[in-house]
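I opened my notebook to look up a few things in this structure. My entries follow the display.

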Amino acid sequence: MTQTVPVPQGLPMDRDAGPFDPPSEITRLRESRPVSPMVFPDGHEGWLVTGYDEVRQLMADTRFSSRQDIGILHVPYETPGMPAPTEPSPPMPGMFVAMDPPDHGRLRKRLTGAFTVKRMKQLEDHIVEITERQLDAMAALTPPIDLVKEFALPVPSLVICELLGVPYEDREKFQADSAQLMVRDQTLEEKMAAFIGMNTFLTELVTRKRETPGDDILSDLGRHDDLTMEELTGAAFLLLLAGHETTANMLSLGTFALLEHPEQLAELRADAELMPGAVEEMLRYLSVADIFFRYATEDLELGGETIPAGSTVIISLLAANRDPRRFENPDALDLHRNARGLLSFGHGIHQCLGQQLARIEMRAGFEGLLRRFPTLALAVPADEVKLKTDMNIYGVHELPVTWTE
């Protein structure tokens with residue numbers, strides 16, 4: 001590996017190549033040194049991994065730990081929903097995304113049955129019903145409207161609330177707290193207030209579920225006596241946060257991308273059979289959940305580099321999904337592409353449990369939206385769309401759209 005590549009000072013974040021593309025500096029790093037040293041803002045040295053093969057290898061190797069309690073993380077990110085650690089501390093009970101085996105497996109296996117492909121397919125008709133009801137409500141409005149507020153956020157919120165047994169009438173509270181938790185630059189007080197608010201809400205909810213269970217995932221979890229109340233709350237925290245934030249951003253940002261690629265949009269409207277592959281391609285192309293971290297527990301080799309024990313390692317899934325060594329012409333949105341092998345849901349033991357649910361919601365959402373609103377268009381110039389460059393999950397804050405009756 002060449003040693004002449006400039007070492008980035010901090011994580012490159014400027015989306016200077018366009019609203020759907022990785023920062024150009026990350027692209028340059030992937031081309032020249034896909035496992036690159038970097039210096040974090042506090043002066044701590046770590047690593048940035050941007051190549052497809054290297055990211056896949058790293059995420060499959062549990063010696064790259066997900067835990068936050070084995071060392072201080074000198075990174076501008078943290079486990080979604082968790083306050084940034086300032087010193088070694090145990091992970092939130094039940095937050096299995098920040099755990100290693102065997103603790104990770106003990107908690108994850110309790111949920112595996114709830115998110116099987118078979119069970120998700122059984123839910124598909126109901127998800128379509130939820131989507132159509134929301135489209136009915138949207139059609140009753142006078143355009144222009146904000147697609148995020150009226151469609152992209154309500155659909156996955158309604159779905160995850162029903163699955164988990166969360167009262168949808170409480171959505172304003174948990175949506176405000178979860179959105180605050182995704183803000184990248186904020187005070188510890190702001191993040192802790194949102195964290196405590198959501199944690200308190202979910203603690204009360206899972207307490208009721210354990211005492212009076214219903215027909216939902218949180219009630220099912222509550223029937224396991226080996227799970228503590230703290231673990232139930234942590235699992236609920238993770239599922240609720242991840243269950244609507246990522247899909248909501250994919251629906252809104254994906255619609256933006258389609259409207260900005262009218263030839264691809266026209267083909268998708270003309271051929272409904274393209275939709276499953278189109279969803280995979282949009283997942284690859286947009287990669288809204290981009291940045292993850294790992295922590296080297298021993299000296300490890302990756303991409304021809306030696307990662308010393310104790311190193312913080314940052315992963316860019318978006319850069320990996322745009323690697324020309326894996327995908328031909330990767331910066332093009334090509335709805336005919338076979339995007340098999342995409343890393344948008346991660347890889348290895350932490351691969352997203354809810355990925356089949358997200359796919360069903362996206363297929364139903366995009367199919368219904370394009371069918372019901374054949375003249376859908378942006379209501380503002382594309383460069384006026386407010387991008388979530390300030391958030392830990394990428395997307396748009398608002399997407400003003402219009403249509404003709």
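Entry 1. Is Arg337 buried or exposed? I looked up its relative accessible area and found 12%, so Arg337 is buried. I use buried for under 20% relative accessible area, exposed for over 50%, and partly exposed for in between, with a 1.4 Å probe and protein chains only.

Before going on, I note what I am reading. This is a predicted model, where local features need pLDDT of at least 70, side-chain atom pairs count only at pLDDT 80 or more, and totals for chains, interfaces and linings use all residues. Residues are numbered from 1 along each chain as its sequence is written, and side-chain values use heavy atoms, with hydrogens and water left out.

Entry 2. What does Arg337 pair with? I found a salt bridge to Glu281, with the closest N and O atoms 3.0 Å apart. A salt bridge here is a side-chain nitrogen of Lys or Arg within 4 Å of a carboxyl oxygen of Asp or Glu. Arg337 sits in the loop between H13 and H14, and Glu281 in helix H12 (residues 275-286), so the pair ties together parts that are 56 residues apart in sequence. Helices (H or I, at least four residues) and strands (E, at least two) are DSSP runs, numbered from the N terminus. Glu281 has 0% relative accessibility and counts as buried.

Entry 3. Asp61 is buried at 16%, and Arg63 is partly exposed at 38%. I also checked Arg223 and Asp220, whose closest N and O atoms are 2.7 Å apart. Arg223 is partly exposed at 47%, and Asp220 is partly exposed at 30%.

Entry 4. I stayed with the loop between helix H13 (317-321) and helix H14 (355-372), where His347 has its place. His347 is buried, at 17%. I left aside neighbours within four places in sequence and found His347 in contact (heavy atoms within 4.5 Å) with Arg56, Met59 and Ala60.

Entry 5. Next I looked up strand E8 (residues 312-316), where 5 of 5 residues are buried. In a regular strand the side chains alternate between the two faces of the sheet. On one side of E8 I find Thr312, Ile314 and Ser316, on the other Val313 and Ile315, and all are buried. Two strands pair if DSSP finds at least two bridges between them. Strand E2 (residues 45-49) runs parallel to E8, with 3 bridges, and Leu48 stands opposite Ile314. Strand E5 (residues 291-296) runs antiparallel to E8, with 5 bridges, and Arg294 stands opposite Val313.

Entry 6. I ended with the nonpolar cores. Such a core is a set of buried Ala, Val, Leu, Ile, Met, Phe, Trp, Tyr and Cys residues joined through side-chain atoms within 4.5 Å. The largest has 94 residues, and those with the most contacts inside it include Met138, Phe237 and Leu399. Helix H10 (residues 229-259) gives the largest share, 15 residues. Another core of 18 residues lies apart from it, with Val35, Met59, Phe64 and Ile307 among them. In H10, 27 of the 31 residues are buried, so the helix is largely enclosed by the rest of the structure.
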